[in-house]
Every structure is written in C-alpha cells, then in structure tokens.
Amino acid sequence: MAIVHDVMPAYELFQPTDVESAITLLREHGDGARILGGGMDTWDWLKDRNKRITALVDLGGIPGLQDIKVTADGIEIGAMVPLSVVARNADVVNSYTVLARAAGRVASPQIRNQGTIGGNVNQDVRCWYYRSGWPCYRAGGNICYANTPQSLNREHAILDANRCVAVSPSDTAPALVALDAKMIVQTRRGVREINAADYFLGPATDIRRTTVLKHGEVLTSIRIPKTWSGAQFYFEKVADRKSWDFPLVNVASAIRMEGGSIADARIVVGAVAARPMRLRKVEDAIRGKAADEATAAVAGELAVRGAVPLRLNGYKVPLMRNLVKRAIRGQEA
Amino acid sequence: MAESNLIGQDIVSRDLVAKITGRAKYAEDYRAEGMLFTKLLLSPLPHARVVSIDLSAALAHPGVIAILTADEVPQDEFPFEPCLTNEPRYEGEPILAVAAVDEMTAADAIELIRIEFEPLPFAIDPLDSLRPGGPNATLMGNAYLGREVGEVKWEQSVFDAAGPDGMPMGPTEDEWEFGEGGVEAGFAKADVIVEEVIYSHSATHHPLESRTAMSYWQNGKLYIHCSVQSVAQSRRAIADRLGMPFEDVVFVSEFCGGGFGSKIRGSVTEIIPSLLSKKAGGRPVMMRVTRNEETAFGRARPGMQGWVKMGFRRDGRMTAMDLYLVQDTGSYARQGDTSTAADCASLIYTPETMRFRTVTVLTNTPPRAAQRGPGGAQGVPMLEPVVDRAARQLGMDRLEIRRVNGPTAATRFGRGNTQLTSCYAPEALSRGAEMFNWSERSARSGQRNGSKVTGVGLAFSTYYGGTSGWDGLLVIRPDGKLYIHQGVGNLGTHAVMDTARAAADVLGSDWEDCEVVWGSSSLHLPHSSTSSGSQTTHAHTRANHAVGMAMYGLLQELASLELGGSPSSYAVGNGRVYRIGSPGSGLTFAQAAQRAITRGGKFSGAVLPDDINEMTRNSATALAGQGLIAAAKDTYPHTARTYSFVATFAEVEVDVETGMHRVVEVTTVADCGTVVHPRSLAAQANAGVIQGMGFARSHKWSIDPTWGVHLTKRLEAAKPPTILDGPTQYHFAAVDLPDPQNPVGAKGIGEPPVGAGSGALLCAIEDALGGLYGSHTPMSPDKVLSIYENEGRVASGRLAIHV
C-alpha cells in the first residue's frame, strides 16, 4: 500500500503504431509494462501508486483499432473505439441495441468520451479494499478484507465467490456476452478468437486476472455475429446515481421470439460475480415458453438460486431476480 | 434618498466573465519565481503515535529542499488542530510535508522516509465508544463534557434495553426542556404519539475546489493565495494560527470554488506552505490538495444517531417533542449540529413542550465542521418523515399538519422564547402548495403503474438568516466611480457583488459607475462577516446600506461647505450631489472626490468614526487621501432573531423492483425577505435542493470499522449528486416580502434549501413505500429495495454508522 497518492511516478511511455510493436514492447518490458487504452482504469492505479510500472504502451496511435466495420457476418468494433461512439453508432443502435444502451450507461458523458470499449471489458475490479492497495488475495495476499463480519461489502458478489468477492464492474461486458461476441486477441503467435462468455474469469480460475488476456497479448477488436441482430433486447443498470457510477447490478439480454414463444435467449447479469454471469439454466428453462409474467417469475427465481449474500449485499438477490424478470418481459414492468 | 434600482434586479456579476472564460485565478493557478511544491505524508492509521522518523534518505533525494515536521509547527492544546501532528487522530491526518522542485520529487521522497507508528486504540462508531469498555478516540476520553473532553460510558443495561435496532439512551451531557409541565405533560395531552429511531450520516463537503494554498515571504510579510469562504475573517485566522499580526499577512482569495462551510475561516492546513516557505528561505511553496486529501483533512458534516417521540392533539397540534441525539463530532472540535437541529425543530413545529438531550462523541474519523445548513440539514430530513407518519395516523393532510404547527410572525419559540424579525412561512407553504398543485398531486400518492409507485412529499426547513454589526467601506475617487470595498468571500453565491448594491442604491448610482473591490487584503477591505451560516446577505446589505448613508451624509456636508446652503438642501443621485430640485447643480462625484482630498479630515479618511473595527480603520487609513471616504459600522436595530424559511415539495416515482427512483418534479418556495437578486437566488435555492437530495440518496461516507480507514475518498465512490441526477425542471419562487429589520428587507437563504430538499425527497420516498420508513441515509436503491422487501429493515441496521 503506497504511503503517498495522487502523483504518478515516472515511467517510459511508448506509442507504437502497430499491434506487433505493441506486443514486442510489452514482452521487452516484462511485468513492468502495461497497456494504455483510454486510461480510465490505468491512471487511477498509477496515480495512487498502488500499481507500479516501468513502461506504458499506448494503443491510441495504432490505426484500425478505432474503427467500427460492418462485415459480412456482423459488425467488428475496434478495441480503442470510445464508448460514446459505440453508444451512438447507427449500426450498433439499430441491430445490437443492447450494446448501445450498455455503452451509453457507462460512467459519465466525459468518461464515455475518453474510455474505450476494450478498456471497459478489460478493466480491473473496483473492490474498494483492493483498489486502495490492501494486500488481499487478488493483490497476491492471503486475506479478503471485503468478506469479514464487519466489512463494507454492499457492492460485492453474491455468486461464484472464491476467496475474492469482487465483482465485474463492466456495463458492456454483459451485453457482449449476450450477443455471443468474439474477442479478437493478438498474440506473438497470431490471432485468437475467444467467445465473450469464455473471455472473463472468476476467482476460482484465476484470482489475479479478470480475463483470459495474458501479459503481452492485446485485445484488438470485438466481433459481434449477426446471430442476435434485431432480437428483442433489454439492458438495465441499477446504480446509486444516474451518471458517473458503477452498477450495483446490471442485466443484458437478447431474446428471439418465434410464434409467440421464446425460441432462444441470452440472459447475462453483471456486478453479481467477478465475471458477467450468463444464466444458461435460465435460458434453458425459458426456451419454448411465452415471454409472460409466469415465465419471468420462474426465470427470476431460478436466476438467484445458489446466491450467497454477504453482510450488506442481500438486496442484490431480489434485485437480480427482478432484473432477470424484466429482461424476460422486455420492459421495466 | 434614491429609490431602489438595483436590489431586486438580475445582474451579470462581473466576476462571472472571468470564471466562464477561465481567466479567474484560483489558488492553484498562481505561480511565483522559484516556486516549490509540497506533498504531505498522511497517517495510514486512524489513531497512532509516531515513534520515529528517519528523513535522511528523503533529504538526500535530489530536488528535495525542505521537510517540515510536527515538531516545527504550532501545537495548540486540544481540541485545536495542529497542521502537522505526531499523534494522528484519524486516517489521513497530515504528519509531515516535503517541499521539492516538483510534486513527483516530493512524492518519491516521501516514499524514502522511514516512519514508525505505535498504533493506539481507536473508535469509529460513537455508540461503540459509549459501551462499557468501548474504545476511546483520544487518550483523554471519548466525549465532550462542556469544553473539556472526558470519558462517558453507559451501563450495559442501556444497550440491552434498546435491542439491536433500538436507540440506546444513556445519560447525556447536555439537556434542556421547555413548556409547562415539560414533555410528560405534553404527551399526556396528546391523542397520537409517534416515536422513531432517527439517523443522519456524516458526509464530506466536497467543494469542487480543494483547499489548495500557495505562500511566500517577502520583507517580513506573508503572501498567501488560498481558497476560503471569507476574506477578512480568514486573514485574521491565518495570522492567529501563525502567531503574527494580521497587518503582516497579504491575503489573496479572489475566487473560491465552493466551501459549504468547510472553509469558513480557511483551514489549518493552509499554514503548511507558509511554514515550509519560511524553512526554504522564503521560496514560494505550492500545496495542491488532491481529492483524497480533501476527503481526509477537508471537513465533513457530523453524523447523528438518535430517537424522537412526538405527541399530537387530534387537530394536529404538536403538544410534545422529545428529541435525543448522539453526535459524531470526529476527531477534534465539538460541533453544535445536534443543538441547532433541536433549535430548528423547535421553530418549524413550535411544540408546546420540548425536551432535548444530546451527547457529543469523539471518533477517529475526519474532523467535522459546519456544512451548509449545519444541524438543520440533518434535523429536517430526520424529523419530517416522522411528522408524516403522525399525519397518517391522524388522518390529516401532510401540508395541513405543517401549517398547524409552523411559525408565524407572532411566534415565540424554543427554550429562549425567541422572537422573530419576520416570518412569512405560512405564505411560503401556501405558495408552494399552489405552484406544486399539492391537493391534486397528493391524491396520486401510492398510485402504482407497473413497478413504479408515485410518492409525494414536502418538507419545511429553516435556518438563521443573518447577523449584524459589521462594517462597510466606500471610496469615491476622482475618476467619479464609487468603490465598494467588501471583506466577505467570493464563494460562488454572488453575495460579494449583490450586497454591494445596497450602497449603490442609497447613493442612486448606476451599477456601471460602481466597482466592487474584493478578494485581496492589499486592496484594503473592511471588517466583514464570515461568508457562512446564511448571514452575508443580511449582514452586508445592512453594512453597505449603513456606509451608503454615511457617504450620503458626507456628500451633503461637503456640498454645503463648498457651495453653501444647508446639508439637508442637497440630495445625491446619478453620480452627483445636487441641490434638491436642481439635479444638474452641485458637484459630480469626481469633483466631490477632488474636494474631499483637498479638505482632508473626515472627508478624505484622515478622521474616521470611533465605532468601526480596527481592520476597517487600518484599511480606511491606508486609503486616506485617495478620494471621499466613508467607513461605517452597521448600528441599525436588530432586536429579534432573523430566520429564513423554505418549503420544498417533491413528487417521485419509486421503482419497487430496483429501488431506484426518479424525481418527477420539485417546487421550492422561500421566505428570505426581499429578493436581492432573483436569478442568483433561484440558482442558490435549487442547487441547495440538489445538494440536499444528493445527501439524502447517494452521497456516501464509508469507513471500515475494523481498520478505521476511509473508503469513499474519491468522488466516484463518495457519490455527491451530479447535475444529471436531478430532475430537468425545478420550480422556484420567493415570497418576496421584506424583513422589517433589514434596510433593504433581505434575509439570508443559503442554508435552508438543503434540509428542505433532502426532507422532501425522503418524505416522498416514504410516501411511495406506503409509509414504510427506513430511518437510514443515504436512501440508496439497496435500502429502498430492502425496506420494500423486508418491511422497513435495512441490512446495515438503522443505527449503523459510516456504512
């Protein structure tokens, strides 16, 4: 834990113009190197002096990473596209509305202009003990400060906790999982395509990372297949403030209706676990059912099965239940 | 005397242009030759003793110029805070300061310091501290006993009797009661009695501009640029802190990015760059205070845990109020918020009998200070939902119960049987009800549309509306302009400009021919009130009116001497003193200034009134000979207490599936006497309502109880309201009837909108929840949802503090 904050220590800044150079730089500088997207997560860490680096590799000068391209089988969004651009891009708004809505609810207008979609999915957890530099499990220690009888854990996990109880703070991640998005990751050896649902990691898999991205790998773009284009979408974020806030819980869904019943669905809930939770059991249970109140009620109950609240976050259980119900209804109430 | 042309009119305050164009210089914007920067080492522990400090590596670090430790700074006796300490009483308290060529060097040097702490016991929750064997925040004890600190512990039986969600009520240190037969007699007369656990959380002030300061020494004088609410008073305060005469402090604070009570007389930390500069041979030192630091050693509103019992007759009249409050005053000075909460309650409900008991407990949390509406802003939102509960039991309209109990001009209230200078509270309530369409809207209360439930609420708030007895200082220079010197601060309220217009109006001057002089002691400012506690508008319309009248008299006398005739045969207006009936005659202001310089004596400032303050005298003396100079003390009668009143009405839509709510409409009406500046008033009132609503629903203050460490240091986590959180439409009106004891009729209005806003919102949410009441702020979505799902229960418990 740093003794002095709010002053960034010195480091070398690199501004490569292609992804290969970025990867080379990251490898050359080893663990001391960090990728810079919009900086909304990074600069907090650096200013606080709770994470130290020797080199910062800025992706801002790499052509192509800020493009949104309509492709034969969907749309491809560069990792460095600002969230405000994602939120108002006509193709995203028209065909993948859930992502536009999610991007439009991130933080504040200013942060959406600066923050990128790649950064929003790759951002670290916001557990305030961890962010304050406390030596917890996620920081390499052997304690969780957020899960003691007196901890302040209103924002923390009700599902899938494993030593660490931090949650995924991203608004766009649940939307991308709901859209069956593919994360395009460039490595030294080539390009990998990873399903969004497999991209995010819980603490049981790796307590130090939130995604499968390894050091020296770069998320370059996100491909959204046509699978859910024009489906019935729902996104809702519950937070303390209308602006400049992380979700207490959010939900993203895509539902394909056929003949009055649910042909297929994706229901994904954020901020209840360390990764966005795709609710496969709920999806299975509602397939073939009408999108009515009865189905919604069953889905809501099923969604929260197995939830284990901490001292102050019991409200997340009814909140998640209700948001899943609303996702099935496709409207607030 | 000229008619009022300026009071009551909108103006574009001249400092606004500088603010909008970015030319306004705040403390952080100043630069001086050879300027150093300082970073502070803050205590990582909530209570500790510094055992050893090894500065050798830091001092050897290239670029480090000086390090200041607690041993080298004034250490006044508790409860006065030192600017640096070796016994930190809260996490984030400054221990030492490093001055270096830049901030990075200073921060790097701090990491090279070897410092060893001995942890001491600490208390975070006042109720824990009051338990038998509970921790004490200081080595002297845990609570205030008068001015002294001692130990207060309650019997275990007190806690057992209260149960987990009840308020333990042990013996208190301060108690008063009024009304015939006391509250027992009052309750005996009651048809309906309600009692409730009540709670108000602590909250950092979070002014946009932090308490940055830059200082240097030149020829024995201290030059300081800082961010304060009040200029004249802060100059004195900083001189006192440094043990030097105020004449040797050149104090600059032209613009202040908000204070809300946290910068009334500046801050103790402001002297750090002054002392470091001295140590660095006079080189300027800049201390930029970050948001983290602002949360730590900026100030915060005291939290309260308590209980209230109210008795009402069938007609709604309050026969008794029994109020019990434990105040968390933080780690240093004793705050008066619980007492003020009781005073405000005694005024807005005028109970026939009332008892108040309080105990003020020290905790190892950041020091508290007055925050906009101190006491009232906690009391109103704590009590108004309880009054609503009584109204429901009485089957009475919630507006009506406030009318029945609210004050009028004839009211005598409280333990002192206090008289009001004016009170148009009934008019404010009626006007607000009409604008908001209360009868129609309140009929919609509880209407459900899907998961959305409509709630309607109102809250009635009050606060002190002004002091008196301050000085004014005017100069008419040979350029013909009227210079209005103002020692109040420029903290964004426009009062520094608005109150100057009282003098201009007396003299019938065009605003274009007036210059307001403010913001730097080098410009020679009068002894002025602090810009706090809603006093400035009242205090300085009076002082400027008084000095305007003095200037008027001087002009008449001067004209009489120069041109013959009696002084009373002359009038003043449009930049002249002229013979009555002949507006083109007499002397222009420019000529009058010239003649005053020639004549000297009382015209030029060489001879001054006896009753003005020393600071005004010094300033006028420094200006003497530059024109026609008037200095005067406000001696107008002030024979009763001045209070302002605000009624706020709110409609909300609570989503009972998510706990979120939307404010559909807000209407606020104020009784603040004559309106001085309509646009600024509406902005102040609505902004106060936003601030109050933010306090009531999102503005957090969380301190981990195990480690005593603050977790809501950044705005992102502390969540004060943003402009996007409010409704898009606010409606505001003022009763606009004059207070008879102010020469322009004005009363202060800064404070009461905060309590009105938070109270109206909490009442509306409670209304939407069918009267379920959680008693715990901030009423964030998790709490609303928990209350709805669990019939009033909140996860943390009703009395859990710093959650």
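Where in chain B is Pro79(B) found? Select Pro79(B) and you'll land in the loop between β3 (64-69) and β4 (94-100) of chain B. Keep in mind as you click around that this is a predicted model.

**Stop two: the loop between α22 and α23**

Pro778(B) sits in the loop between α22 and α23 of chain B.

Stay in this loop and pick Ser775(B), which lies there too. Its phi is near 60°, a positive value in a residue that isn't glycine. Ser775(B) is also buried, with a relative accessible area of 3%.

Next, select His776(B), found in the loop between α22 (752-768) and α23 (781-789). Is His776(B) buried or exposed? Its relative accessibility is 2%, and under 20% counts as buried, so His776(B) is buried. Show its surroundings and, setting aside neighbours within four places in sequence, you'll find contacts with Tyr199(B), Lys783(B) and Val794(B), among others. Zoom in on Tyr199(B): a polar contact of 3.5 Å links its side chain to that of His776(B). Then try His201(B), which is 575 residues from His776(B) in sequence, yet their C-alpha atoms are 7.9 Å apart in space.

**Stop three: helix α19 of chain B**

Asn613(B) caps the N-terminal end of α19(B), with a side-chain oxygen 2.7 Å from the backbone nitrogen of Met615(B). Just after the helix, Gly625(B) takes a positive phi of about 90°.

Now pick α11 (residues 376-394) and α12 (residues 398-405) of chain B, whose axes come within 9 Å and cross at roughly 110°. α11(B) and α12(B) are therefore roughly perpendicular to each other. On the α11(B) side, the residues that meet α12(B) include Glu384(B), Val387(B) and Asp388(B), while Arg398(B), Ile401(B) and Arg402(B) are the ones in α12(B). The residues of this contact split into four nonpolar, no polar and five charged.

**Last stop: over to chain A**

Select Asp6(A), in the segment before β1 (12-14) of chain A. Asp6(A) is buried, with a relative accessible area of 15%. Which residues of chain B does its side chain reach with polar contacts? One is Thr290(B), at 2.5 Å from side chain to side chain, and another is Arg714(B), at 2.8 Å. Beyond its close sequence neighbours, Asp6(A) also touches residues including Lys47(A), Asp48(A), Lys39(B) and Asn292(B).

Note on methods
Residues are numbered from 1 along each chain as its sequence is written. Chains are lettered from A and ligands numbered from 1 in the order in which they are written. This is a predicted model: local features need pLDDT of at least 70, side-chain atom pairs count only at pLDDT 80 or more; totals for chains, interfaces and linings use all residues. Side-chain values use heavy atoms; hydrogens and water are left out. Helices (H or I, at least four residues) and strands (E, at least two) are DSSP runs, numbered from the N terminus. Buried means under 20% relative accessible area, exposed over 50%, partly exposed in between (1.4 Å probe, protein chains only). Contact means heavy atoms within 4.5 Å. A polar contact is a pair of N or O atoms within 3.5 Å; within protein, one must be able to donate a hydrogen and the other to accept it, and residues adjacent in sequence count only if both atoms are side-chain atoms. Axes are lines fitted to C-alpha atoms, for helices over the stretch in contact, and angles run from 0 to 180 degrees between N-to-C directions. Angles under 35 degrees count as roughly parallel, over 145 as roughly antiparallel, 65 to 115 as roughly perpendicular and the rest as oblique. Ala, Val, Leu, Ile, Met, Phe, Trp, Tyr, Cys and Pro count as nonpolar, Asp, Glu, Lys and Arg as charged, and the others, Gly among them, as polar.
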